[in-house]
Amino acid sequence: MRTRFAPSPTGFLHIGGARTALFNWLYTRRCGGTFILRIEDTDQVRSTDESTRAILDAMTWLGLNWDEGPYFQAERVEIHRQMVQKLIDEGKAYHCTCIPDELEAKRKKALAEGRKPKYDGTCRDRGLSRCPGSVVRFRCPEVGATVVHDLIKGDISFNNEELDDLILERADGYPTYNFAVVVDDAQMGITHVIRGDDHVNNTPKQILIYEALGYEVPLFGHVPMILGADKARLSKRHGATSVMAYREMGYLPEALVNYLVRLGWSHGDQEIFTMEELVRLFSLEAVGKSAAIFNPEKLLWLNQHYINAYPLEKLLEAAIPFWEGKGFDVTDRRYAAQATENLRTRSRTLVEMANSGGFYFQEEVVYDPEAAAKFLTPEYVGHLEVVLERLPSVADYTKDGLEAFLRALAEERGTKLKWVAQVLRVALTGRTVSPGIDEVMVILGKERVARKLRLAIDRIRCGG
RNA sequence: GGUCCCAUCGUCUAGUGGUUAGGACGCUGGCCUCUCACGCCGGAAACCGGGGUUCAAGCCCCCGUGGGACUACCA
């Protein structure tokens, strides 16, 4: 059993491609088969090495390893040309000298007159030979039907008369997609072609080519597309579509994989899956037939789940680039780990974490103007001064110890813990929203707390 | 226009002739509480329409309607 993922290197790996790759990978691992990566770079104009690298990086990040390749389609053009010649020799393909502009005009005319805009067969029986500017076309059967046995959608039948004498080899000598994909899949021994269902209509043409070439036809599985909120094909205007953009936005690969797999596939009521479970449970039969709308909210929820489920070491490793990205010094790993652990339940992404946890790393507290205006006032400065004064003598400097200390202090001063906590929160974090103030104090430590308290007190006293 | 595919809460889905139509995200009421978040308990929310078949249809068939894909010397 052999499968492949065959992206064209004309851009980064996008969400839809990633899901196709994921389904291929899962199905292959499930069956113990071989997963092949092939780069379809026959479009010499749009293909770039940079895109190839980006695609490989994204797959690696997602954990989708391949067993063979990457193979490059452009390196196989000699093989493609040989196969084209074979079809010409056997009368199954022919040279065509029709001018692109004229074909385009004919197509428009046919469409306007309500006829099928297919190739009119001008060169079909002219017995032309190769010449500059000529292309090679497939002699498509005009009668009969071709049926696609799809693992996901079931049997789909096409009347051959609807099909076109498609171009196999372009004027520049390069094969077209529909031909190269057949030759490569066949020669690489691909047994299961799993791809997006935007290819369904290409499949009968490809089957006819398989048969013309004398190859065994593989099994097909066409997975439904991913749409944006407006039900249009997912694109940039729906937000980020690049896998690596999600990494940069602070998503964990497990979250993206888990989200993507549940888009079109399900296993009862289960929502959370480890890779191991997926490999064990995945099946093409359970893949749905209808397109799915990409829902960023649910992805966010899954990401939060994985941020909370990660072992701390692994989470820290993933978070460090984001801390460093904000310019924070994380050489003290133990401290960075404590901060990360403390922030995880309130972070849906690592970017959110880095944005909300700056107070752990910044020397100077960045005060939110509104928060400071409300709490860093002469009315409350007394709370801060008493805490600063008694801080050195707090023996039980733990979450529980500090809570007891603050509660008693509040009572002594005739107020509630709530108010003392809020004032401290603004003094220590600069905001009115933060993790529990006792936890913050424990992690910051007495030294940092004292320094920040002095800063806040000075600010109030000097009217800063 | 033609060909092909698809159709259960707003979204992702479970459901394979008899169910109070289930779960999840989101939304929402409450609890917890030093703020926020987490967590816990509860709520609103769906079978596209019309015909059949059947004792019985979300499940099967047909026709509509709606959405999508393809219709390139792109892949």
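This is a predicted model: local features need pLDDT of at least 70, side-chain atom pairs count only at pLDDT 80 or more; totals for chains, interfaces and linings use all residues.
Tutor: Residues are numbered from 1 along each chain as its sequence is written, chains are lettered from A and ligands numbered from 1 in the order in which they are written, and side-chain values use heavy atoms, with hydrogens and water left out.

Student: Why is Lys231 called exposed?

Tutor: The cut-offs are under 20% relative accessible area for buried, over 50% for exposed, and partly exposed in between (1.4 Å probe, protein chains only). Lys231 has 62% relative accessibility, so Lys231 counts as exposed. Lys231 sits in the loop between β11 (226-227) and α7 (243-248). Helices here are DSSP runs of H or I with at least four residues, strands are runs of E with at least two, and both are numbered from the N terminus.

Student: What makes the phi of Lys231 worth a remark?

Tutor: Phi is near 70°, a positive value in a residue other than glycine. Most residues other than glycine have a negative phi.

Student: What makes Glu276 exposed?

Tutor: Its relative accessible area is 58%, so Glu276 is exposed. Glu276 belongs to helix α9 (residues 275-281).

Student: Why are α16 and α17 called roughly perpendicular?

Tutor: Two packed helices are described by the angle between their axes and the distance between the axes. Axes are lines fitted to C-alpha atoms, for helices over the stretch in contact, and angles run from 0 to 180 degrees between N-to-C directions. The axes of α16 (residues 399-412) and α17 (residues 417-429) come within 8 Å and cross at roughly 115°. Under 35 degrees is roughly parallel, over 145 roughly antiparallel, 65 to 115 roughly perpendicular, and the rest oblique. The pair is therefore roughly perpendicular.

Student: Which residues make the contact, and of what class?

Tutor: Contact means heavy atoms within 4.5 Å. α16 brings Leu406, Arg407, Leu409 and Ala410, and α17 brings Leu417, Val420 and Leu424. By class that is 6 nonpolar, no polar and 1 charged residues. Nonpolar covers Ala, Val, Leu, Ile, Met, Phe, Trp, Tyr, Cys and Pro; charged covers Asp, Glu, Lys and Arg; the others, Gly among them, are polar.

Student: What makes β1 and β3 edge strands?

Tutor: Two strands pair if DSSP finds at least two bridges between them. The open sheet has 3 strands in the order β1-β2-β3, with parallel pairing. β1 (2-5) and β3 each pair on one side only. The twist averages 25° from one strand to the next.

Student: How do you know that β2 and β3 pair?

Tutor: 3 bridges join β2 (residues 34-39) to β3, against a requirement of at least two. Ile36 stands opposite Glu68 in β3. Helix α2 (residues 49-62) lies across β1, β2 and β3, at about 155° to β2.

Student: What joins Gly69 and Pro70?

Tutor: A cis peptide bond, with omega about 5°. Pro70 lies in strand β3 (residues 68-72). Most peptide bonds are trans.

Student: How do you know that both faces of β5 are covered?

Tutor: In a regular strand the side chains alternate between the two faces of the sheet. In β5 (residues 135-138), Val135 and Arg137 on one side and Val136 and Phe138 on the other are all buried.
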